[in-house]
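Subject: Handing over the structure, with notes

Dear colleague,

I am passing the structure on to you with this email, and my notes follow below it. Please keep the 3D view open while you read.

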Amino acid sequence: MSDRIVVVGHAAVTCLGNDLDRTWQGLVAGKSGLARHPDRLDPGCYLQDIAGLVEGVGPGTAEEDPAINRLGSRFVHFGVRAARQAWLESGLEAKLDTDLPRSRVAVVVGSGLGGMDLYHAESKRAASRKSLATGPYLLPGLIANQAAGQVAQQLGLHGPSLCPANACASGGHAIVFGAMLLRSGEADVAVVGATESAFTPEIVNGFVTMKALMGRKPNDRSNDDPSQASRPFSSDRAGFLMAEGAGILVLATESAVKRLGLTPLATLLGWATNSDGFHVAQPQPDRVRQCLEAAIAHAGVHPEHIDYYNAHGTSTTINDRVETDAVRRIFGDRAATLPVSSIKGAIGHALGAAPAIEAAVCVRALREQVVPPTVNYRPDPELDLDYVPHEGRQVRLDRILSASFGFGGTNNALVFGRGTDA
C-alpha cells in the first residue's frame with residue numbers, strides 16, 4: 001500500500017492578514033481585504049486601482065526579513081515568510097540532522113510571474129539615471145525559482161527543489177509535484193506552495209484589456225465600496241481582482257509522520273492534473289470536469305464523499321459558468337446542496353499563489369469544520385448551486401475538493417481529508 005501524504009504545516013500571507021490565523025478570521029467573518037490603492041496603483045498608470053495588497057510585509061517595510069533584504073521582489077519575501085510559519089508549525093526544525101537528513105526535505109514553491117515588480121522598478125531606475133546598468137540583484141530577484149531557492153536557503157534544506165510556473169494553477173501543481181516526490185521515495189518531507197506579487201502597469205492593464213480583470217466601470221457597486229469588486233458566481237460579476245500573497249504547506253509521508261512524532265493536520269488524499277489543449281485563456285468544460293473526476297478517483301472515494309468544493313471561482317463570466325456546470329455533471333442531484341464557495345471574493349485572485357493559499361484555507365476548514373463563504377454574492381439565475389453566501393457555515397467536513405485552472409489550459413485538483421485519517 002502506498003505511503004499516504006499528510007499535511008503537518010500550513011500558512012498563508014494575504015491581504016486579509018500576514019498569517020493564516022488573521023486570514024481565516026477575516027474569511028469566516030465575511031470580510032474583504034480588497035481596497036482602493038491609488039498611492040501604489042496610480043490611476044494615471046493603472047486601469048484598476050482596487051486590489052488585494054499585503055500590508056506591512058516585504059522589502060522596505062517594518063517587518064522586512066533581514067536575511068533576504070537584498071532581494072527587492074515582494075514574491076520572494078511573501079514565500080519565505082509563509083514557509084517560515086508553516087515550518088515552525090510542523091516542529092521539524094528540531095528534527096533536522098538528528099532524525100531527518102536535510103537532503104530528505106524537498107522544496108517545491110511555484111510562481112506564475114516571478115519578480116516582475118522588481119523588473120519594472122529597475123527599468124524605471126535605469127531610465128531615470130539614463131544608464132544601461134541595472135542593480136546586481138535584479139536577476140536573482142526576478143527569476144521565478146528564487147522563492148524556492150530562498151526557502152531552501154533560509155530553512156537549510158538540501159533535497160530536490162522545483163518551481164512550477166503554471167499560471168494561476170502554479171500553487172496546486174506545486175502541491176501535486178511535492179506529493180509525487182514523497183510518493184516516489186525521493187524525499188520524506190516537502191515544503192510546497194506558491195507565492196506571487198506582480199503589480200506592474202503592463203500586467204494589470206494587460207489583464208484588463210483582455211477582459212479577465214475588472215476595469216473601471218461606471219455605476220458599478222465597487223465605485224462606492226471597493227470591497228465589493230470581486231463577486232464570484234454573482235449575476236453582476238465582471239472579472240477578477242488581482243491580489244498578492246503566498247500559501248505554503250508542509251507535507252510528509254505517513255511513515256515519516258509516525259517516525260518523527262509529527263502532528264497530522266490533514267491528509268492529502270488525492271490529486272490530478274491535465275491539460276485543456278484548447279485555448280490560450282478560456283477553460284475547456286470537459287477537461288475541467290475530467291480533472292475534478294480524476295482527483296476524486298485518485299483519492300479512492302466517490303463524489304458523494306465530498307463535503308465541500310473550494311472553487312477556482314474567479315468572478316469571470318466564463319470560468320464561473322464552466323465550473324458550475326462541471327459540479328452539476330459530477331455531483332448530479334446532490335450538486336444543489338453541496339457547499340461550494342470561492343474565497344476570491346474576499347482576497348481577490350493572487351494568480352499562481354491562489355491555489356496554495358486556498359489549500360491552506362482548506363486544511364484550516366477541515367480543522368475548524370467551517371466552510372468559508374462567498375462574499376459579495378448576488379444570485380444569478382443561470383448559476384444555481386449553494387455558494388455559501390456572505391457568512392461562514394459550520395458543517396461536518398471529512399473531505400474537501402479544491403481546484404485551480406490556469407491560462408494555457410493547465411488544470412489541477414486536490415482532495416484533502418481530515419488529519420485523523422492519517
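Which residues in α10 are buried? Before I answer, please remember that this is a predicted model. In helix α10, which covers residues 317–331, the buried residues are Asn319, Asp320, Val322, Glu323, Thr324, Ala326, Val327, Ile330 and Phe331. These buried residues pack against helix α9 (285–298) and against the strands β9 (308–310), β10 (340–341) and β13 (399–406). The length of α10 can also be checked, because at 1.5 Å a residue its 15 residues should span 21 Å, and the C-alpha atoms at its ends are 22 Å apart, which agrees. Just after α10 comes Gly332, which takes a positive phi of about 60°.

Next, the pairs of helices. Two packed helices are described by the angle between their axes and by the distance between those axes.

The axes of α9 and α10 come within 9 Å and cross at roughly 50°, and that makes α9 oblique to α10. The crossing of these two helices is right-handed. On the α9 side the contact involves Pro285, Asp286, Val288, Arg289, Leu292, Glu293 and Ile296, which meet Val322, Ala326, Arg329, Ile330 and Phe331 in α10. Sorted by type, the residues of this contact are 8 nonpolar, no polar and 4 charged.

For α2 (residues 74–90) and α5 (residues 146–155), the axes come within 9 Å and cross at roughly 40°, which makes α2 oblique to α5. This crossing, too, is right-handed. Here Phe75, Val76, Gly79, Val80, Ala83, Arg84 and Trp87 in α2 meet Gln146, Ala147, Gln150, Val151, Gln154 and Leu155 in α5. The residues in the contact of α2 with α5 comprise 8 nonpolar, 4 polar and 1 charged.

In the pair formed by α6 (residues 170–184) and α12 (residues 354–368), the axes come within 5 Å and cross at roughly 65°. Ser170, Gly171, Gly172 and Ile175 in α6 meet Pro355, Ala356 and Ala359 in α12, and the residues of this contact divide into 4 nonpolar, 3 polar and no charged.

Two residues in loops deserve a careful look at their backbone angles. Most residues other than glycine have a negative phi. Gln369, however, has a positive phi of about 60° although it is not a glycine, and you will find Gln369 in the loop between α12 and β11 (370–371). Is Gln369 buried or exposed? Its relative accessibility is 13%, and because buried means under 20%, Gln369 counts as buried. Asn376 is likewise a residue other than glycine with a positive phi, near 65°, and Asn376 sits in the loop between β11 and β12 (393–394). Asn376 is buried as well, with a relative accessible area of 13%.

Finally, there is a cysteine to locate. Cys45 lies in the loop between β2 (35–36) and β3 (50–51), and at 40% relative accessibility Cys45 counts as partly exposed. If its neighbours within four places in sequence are left aside, Cys45 is in contact with Pro201 and Asn205.

Key. Residues are numbered from 1 along each chain as its sequence is written. This is a predicted model: local features need pLDDT of at least 70, side-chain atom pairs count only at pLDDT 80 or more; totals for chains, interfaces and linings use all residues. Side-chain values use heavy atoms; hydrogens and water are left out. Axes are lines fitted to C-alpha atoms, for helices over the stretch in contact, and angles run from 0 to 180 degrees between N-to-C directions. Helices (H or I, at least four residues) and strands (E, at least two) are DSSP runs, numbered from the N terminus. Angles under 35 degrees count as roughly parallel, over 145 as roughly antiparallel, 65 to 115 as roughly perpendicular and the rest as oblique. A crossing is left-handed if the near helix is turned anticlockwise from the far one by less than a right angle, and right-handed if clockwise. Contact means heavy atoms within 4.5 Å. Ala, Val, Leu, Ile, Met, Phe, Trp, Tyr, Cys and Pro count as nonpolar, Asp, Glu, Lys and Arg as charged, and the others, Gly among them, as polar. The expected span of a helix is 1.5 Å times one less than its number of residues. Buried means under 20% relative accessible area, exposed over 50%, partly exposed in between (1.4 Å probe, protein chains only).
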